[in-house]
Amino acid sequence: MDRRDSEAAGLIAAGRRLGARGLISAGEGNLSVRLDADRLLVTPTGLRKDELEPDDLVVVWLDHPDREATSPNGHGPTSDLAIHLAVHAARDDIGAVAHAHLPASMSLTLAGEVPDPAALPETAFHLPRLPFLPFGEMGSQELADRIAGALSEPPASPASAVLLERHGAVAVGRDPAHAVDRLELVEVLCRAWRDALLIRAARASLGIVEPPSPGSHSEGR
C-alpha cells in the first residue's frame, strides 16, 4: 500500500466515524491529510463524507491553490478548501484537519453560549484552549485566515480545535482519527454544557433552589 492509499483509508474511516456518531449529515463536513510537504489529500465537495470511496478524494497543492484539482471520479475539492490550505500552511507540525457542523456546538453558539473547556476534565486536559470565532462566510479566505490564526497564535502552545459560531468546529491532529477525536471532545463539551443549562432552567421553573443530594430519596416511599 503506497502513501496515498494509506492516507485515503484514514480519511475514509474518519468520515464514516463522523457519520456514525451523528456529527455530520448530508454533504456536511470536510477532512484533509498531508501527503508530503507540497500536497494534501482532501475530501470532495457535495458528497456524503461517510460514504466516500478512495477515488472520490482529491489531491491539492499547498503552494498552488489555484491549480485545478479533481478526483479520479471527477469531483472537485471541498468548498472549505481555503480552511485546510490556511491551517496546514500555518501548522506544519500537524498531519490532518477535520471540520464538522457539530449539532450541539451550533445550537449553543446560535443561542449565544460559549462553553468553557475547563468545565470537564477531559477537555481541560486535551483541549485546554478552545478559541471561539464569530460567524464568517463559509468558504471565504477571511474565515480561513481567522481559523488558521486561532490555531497557531501564541502565547501558549497552539490550540488543537476552534469553535465557530453557528458553523461547528475545526480540529487538527497527527492524522484524521486524531483530529476527529478532538471534534468529538468539542461536541461532548457542548452537549454537557447545553444539558446543564436545560437542567438549571428546569430547576428554576420548578422553584428548586438547591439540587437534591446524590444519595437522597423522597420521603414516604
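Modeller: A polar contact is a pair of N or O atoms within 3.5 Å, one able to donate a hydrogen and the other to accept it. The model discussed here is predicted.

Colleague: What makes the approach of the Thr109 side chain to the backbone oxygen of Ser105 a polar contact?

Modeller: The side chain of Thr109 comes to 3.0 Å from that oxygen of Ser105.

Colleague: Why is Thr109 called buried?

Modeller: Its relative accessible area is 4%. Buried means under 20%, therefore Thr109 qualifies. Thr109 sits in helix α3, residues 103-110.

Colleague: Which residues does Thr109 touch, leaving out those up to four places away in sequence?

Modeller: Phe132, Leu163, Leu164, Glu165 and Arg166. As for Glu165, its C-alpha atom lies 5.3 Å from that of Thr109, with the two residues 56 apart along the chain.

Colleague: What makes a set of residues a nonpolar core, and how many residues has the largest one?

Modeller: Its members are buried residues of the nonpolar kinds, joined through side-chain atoms within 4.5 Å. The largest such core has 32 residues, and Leu18, Leu102 and Val186 are among those with the most contacts inside it. Elements supplying at least two residues each include α1, β1, α3 and β6. Helix α6 gives the most, seven residues.

Colleague: Which residues is Val186 in contact with, beyond its neighbours within four places in sequence?

Modeller: Leu102, Leu127, Leu130, Ala161, Leu163 and Ala169. Another core, of 18 residues, lies apart from the largest one; Leu143, Leu151, Ala159 and Val162 are among its members.

Conventions. Residues numbered from 1 in each chain as written. Predicted model: local features only at pLDDT ≥ 70, side-chain atom pairs only at ≥ 80, totals over all residues. Heavy atoms only, no water. Helix = DSSP H or I, 4+ residues; strand = E, 2+ residues; numbered from the N terminus. Buried < 20%, exposed > 50% of the residue type's maximum accessible area, 1.4 Å probe, protein only. Contact = heavy atoms within 4.5 Å.
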